[in-house]
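Try each task before you read its solution.

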Amino acid sequence: MTTPATNRIVTSPAAVRRRGSLLSFEESWSLFFILPFALTFILFIAYPIAYALYLGSDLSAYPRVLTDPIYLQTLVNTFVFIVFGVGVKMLLALALSSFFVLPGRGVRLISALFLIPWVAPHIPTILSIRWMLNSDWGMINNLIFQLFRVDGPAWLTQPSYGMFSIITVHIWKYLPFWTMIIVAARLGIPKDLYEAAKIDGASPSQQFRYVTFPAIAGVFLTSTMLSAIWSLGDFNSIYLLTGGGPMERTNTLATMGIRYAFRKADFEAGVVTMMSALPVLVPLIVILLRRMREQR
Amino acid sequence: MIDTSADTAPWRLRDRLFMVGISIVLIVWSLLPIYHMVVLSLTPPREGFAGHLWPVNPTLENYVTVLTQGDYYLSKFWQQFGNSVFCAVAASAIVLVCSLMASFAISRLRPRFGPLVSYVALIAYFVPATFLAIPFYQVMNTYGLLGNQLSLILCVVAFATPYAIWVLQQNAHTLPDELDEAAKLDGATPLQMFVLIYVPLMMPTIVAVGAFALMLSWNEYLYAFLLLSDEAHFTIPVMLGQFMADDAAPWPLLMTSGVIYMLPPVAFYYLARQFQTSGMMSGSVKG
Amino acid sequence: MRRLGLMLSTAILLVGTTGALAADLTIWWTKGTTEIEDNAFKDIVSRWEKETGKTAELSFYATADTEAKVVTALKAGSPPDITFDFSFDLAYSPTWAYEDQLADLSSVIEPIKGEFQEGALDSVYLLNGATGKRGYYAAPWVQMTPHVHYWKDMLETAGFSEADLPKDWQPFWDFWCDTVAPALRQKGERVYGIGQGSSTTSNDPYLVMHIYLNAFGAQVVAPDGTLQIAQPETRAKVIAALNSYVKPIKGKCAPPDAVNWGGADDNTSFLNRKNLVAMNPTLSIPLSQKVENPDAYNNALRTVPWPNGVDGSPTPTIISVKQILSFKASPNPENAKSFLALLLKPETIGPMLQANGGRWVPVMPKLLADPFYSQSTDPHVSAMYKQFTDSATLPLPHTYNRLYAKVMQEQLWQKAMGRIVIDGWETDKAVDELAERMAALLTE
């Protein structure tokens, strides 16, 4: 632990630097204040990242992953999951924000209920959906049978329906969060911009196009990118709903990597699988870093 | 599209119907899975497979069973509930200590390496936690912490602290510099400034950030499942996950435990709502 | 604040070390289907603790989880001292023994060798590739075989009696799919015929598939260890067996979700009367009803022999001997052995298995001769006893070739089923893919 004891008598930081000391009074204290975070970061983020890169440097794992017939399917699934999961979610969030920025107690009440999927723990809610969608005894297909005397679709066990259900659950879970982010951004737009637009005779849709959207475009873009990164790591929506099945046809890189590592004890293949996302992940992170730092 | 400053004049009937329509769709969409969970929790255990739209023979039997640990699958329910509480509280406490200290240094002491630290925190904030699960497991094995609840706590600390620093730091910039100057003139050390000025003034954000860490820990399934290995150490999500793999598991009881487990975060969320909307959400994306 | 930091790090150290102060014996055990079963095992663990004055840490896991936990911990170098899972004998122990990863349990088995059935001993007498010698690298403790169950009362509701059931292979299955299930559906009951699982996440389809292979006389691996699947005659039989297996799935006679059932979902679906017939190893399905639903146990639920094979003779059954493992890297090998010595005493394991209600069959002839099994009046235990003593038995292919364990590890049979029922492949194409992969695995 760094003790600022030697510097304590010096009052001016400038004086310290003049005397050629490496750290100013504040900086020495800063080291102390940053230490707990630095420790957790080094021990539990940086070291695991380094370890992952070490595991991923095992070249013999690449053929194992690349020749797995499921790998290509998994890449396609991941792509579909991100494009539709994030795309539809963000567009819905944008559209719904128009509803939630309205004044009134009714809207506030509905926004409180709307947030429940995001607040509620994943595991019971997603398992509830899994039960509800069970084609054999679930509520939905039972209703279909009672109404039409036919068996409803296999929501979770026909691979394409399975992906559809997974994406829907992902949207259900995370739509409230992103909607509220956009609502917050919209509420921050100065009112006089709208007044001015109205005086110029702009219709509501023109106001959205020329006032609202330009003002929140930045937040919207950042949110979309952030959501894409986090959705790559969405394990629960898939694992708890279909478990990646049937026949591993609904895996994404995240669930497939975990499956390699913890079902087949192939840690290297697991890491290699997840590293397939790096060509998308790294540029996104770099762009986001720039954007979010500029903002400050 | 309807915009914020819509006229206060009474809405036309068509608009009204439109609003009511959207409201109904939103409520059904948001609450259907929760409703389904509640229906199952009120269904007698043997009838869980009937797929009824509402509880046909509603009963509180399942709640009694869960609360009294009356079923073999739930024989450690309260202990596991306690584990969930312990992990969440411990994790948020450590997150708050680490992030408050770091954000104080970055935004109030402003060392030359401050931007670097905040940059590093930002990178850590972006990394999807799932992607580190495999090395994290190995690293915890190296540290001898596998199966220990501390490993779960530290996992939440690792992933929540960067976010907490980011949000705290943004809010810390709004505190006037004069406060620090005045304190310094009075001869206060940075430690005193931290304890006496910084922490009290940051209270609303602290609540928001603490709530975030609590909920992250409360919800965590993947890491808890991987890192914990004994029923006595499980948190509730791991116990619930076991239902998926067990023969003849009573699903109505699973849903009942789910409803009970859902109540604390929902209640907490609505109680602390004014803090959260200001700090927790809008703080996380600024760009 | 510095003091706080110091306290924090001391606390972390303290908790860390208490975590490291492990018990003298770590046991990872697969959870039973009833509380009685687990308690019976717990009793033996506490007996061991009392007798030795040492401490044991016993953790129960769900079926699929034990396998994952053990496989991962073994790779990470921190396996338990003692562990049991359904999949060990089928998928892992031959490989692990060959790779020199298992503890040699000869000192436990040798003294009580005379107690075991020969087949049970054979199944754990495994080759160690490092020493080139065979040894007892696992402890056999129980055995099981897949059974056929159906709901007699539902059969009667449909307007049939047990006497109407055909005795031959395909007619038996077709009767449920084409006659009984449609009759119930006519009455507005949303019910499926056969719980025919084909999921890669469950081991049950693998076992049941090998009974199907027996019914069609398809011997995939010859006793000398050579792979036969590509030979025209065998190939034709394998195709016929697979066709018979997937017929209910393709014909929508099996619940659609059966393609993704985990190890427990088949029990769940059947017990909730969503399908009429179930095939499941051990008596776990009826036993789950014994206490809470004795009427179903005694009257409505039936356990019957497999229908006759295609040549008209009784279908040979398969037996899987369940194994307890200890690892070379286990921290307390001596304690593991002392615990196993206690568990495998006939006086210990006999009463324990009876307490389980007969879910498992003993591997010791003396115990199996006990009236509890041999003169049972219990409808299910007596049916099980008959299946074990009357039917011919064929060993699973990994007995002839240890590399066949990888077929189970990769769930190749279920993958072939998936090709047919999900991807719509012709069966012969799926069998060719299967044969090719099998050949690759077995010539390693």
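**Exercise 1.** At what angle do helix 10 and helix 20 of chain C pack, and which residues meet?

Step 1. Helix 10 (residues 232-250) of chain C packs on helix 20 (residues 412-421) of chain C at an angle of about 50 degrees, and their axes are 10 Å apart. Helices here are DSSP runs of H or I with at least four residues, strands are runs of E with at least two, and both are numbered from the N terminus. Axes are lines fitted to C-alpha atoms, for helices over the stretch in contact, and angles run from 0 to 180 degrees between N-to-C directions.

Step 2. That angle makes helix 10 of chain C oblique to helix 20 of chain C. (Under 35 degrees counts as roughly parallel, over 145 as roughly antiparallel, 65 to 115 as roughly perpendicular, and the rest as oblique.)

Step 3. Helix 10 of chain C passes helix 20 of chain C in a right-handed crossing. (Right-handed: the near helix is turned clockwise from the far one by less than a right angle; left-handed: anticlockwise.)

Step 4. From helix 10 of chain C come C:Leu242, C:Tyr245, C:Val246, C:Ile249 and C:Lys250, and they meet C:Ala416, C:Met417, C:Ile420 and C:Val421 of helix 20 of chain C. Two residues are in contact if their C-beta atoms, placed from the backbone, lie within 7 Å.

Step 5. Sorted by class, the residues of this contact are eight nonpolar, no polar and one charged. (Nonpolar: Ala, Val, Leu, Ile, Met, Phe, Trp, Tyr, Cys and Pro; charged: Asp, Glu, Lys and Arg; polar: the others, Gly among them.)

A word on the model: it is predicted, so local features need pLDDT of at least 70 and side-chain atom pairs count only at pLDDT 80 or more, while totals for chains, interfaces and linings use all residues. Residues are numbered from 1 along each chain as its sequence is written, and chains are lettered from A and ligands numbered from 1 in the order in which they are written.

**Exercise 2.** At roughly what angle do the axes of helix 10 and helix 21 of chain C cross?

Step 1. The axes of helix 10 and helix 21 (residues 427-442) of chain C cross at roughly 115 degrees and come within 10 Å.

Step 2. Here too, helix 10 of chain C makes a right-handed crossing, this time with helix 21 of chain C.

Step 3. On the helix 10 side of chain C you find C:Arg235, C:Val238, C:Ile239, C:Leu242 and C:Asn243; helix 21 of chain C brings C:Thr427, C:Asp428 and C:Val431.

Step 4. The class count for this contact is four nonpolar, two polar and two charged residues.

**Exercise 3.** What is the strand order in the open sheet of four strands in chain C, and which strands stand at the edges?

Step 1. The order is 8-9-7-10 (chain C), and the pairing is mixed. (Two strands pair if DSSP finds at least two bridges between them.)

Step 2. Strand 8 (192-194) and strand 10 (301-304) of chain C are at the edges; each has a single partner strand, so one side of each lacks a neighbour in the sheet.

Step 3. On average, neighbouring strands of this sheet are turned by 30 degrees against each other, direction ignored.

Step 4. Strand 7 (residues 146-151) and strand 10 of chain C run antiparallel and are joined by four bridges. C:His149 stands opposite C:Thr303 in strand 10 of chain C.

Step 5. Helix 8 (residues 169-186) of chain C packs on the sheet and touches strand 8 and strand 9 (275-281) of chain C; its direction makes about 170 degrees with that of strand 8 of chain C. Helix 9 (residues 204-215) of chain C lies across strand 7 and strand 9 of chain C, at about 90 degrees to strand 9 of chain C.

**Exercise 4.** Which bond joins A:Gly245 and A:Pro246, and where is A:Met247?

Step 1. A:Gly245 and A:Pro246 are joined by a cis peptide bond, with omega about -5 degrees. Most residues other than glycine have a negative phi, and most peptide bonds are trans.

Step 2. A:Pro246 lies in the loop between helix 12 (236-239) and helix 13 (253-263) of chain A.

Step 3. A:Met247 is also placed in the loop between helix 12 and helix 13 of chain A. Although A:Met247 is not a glycine, its phi is positive, about 50 degrees.
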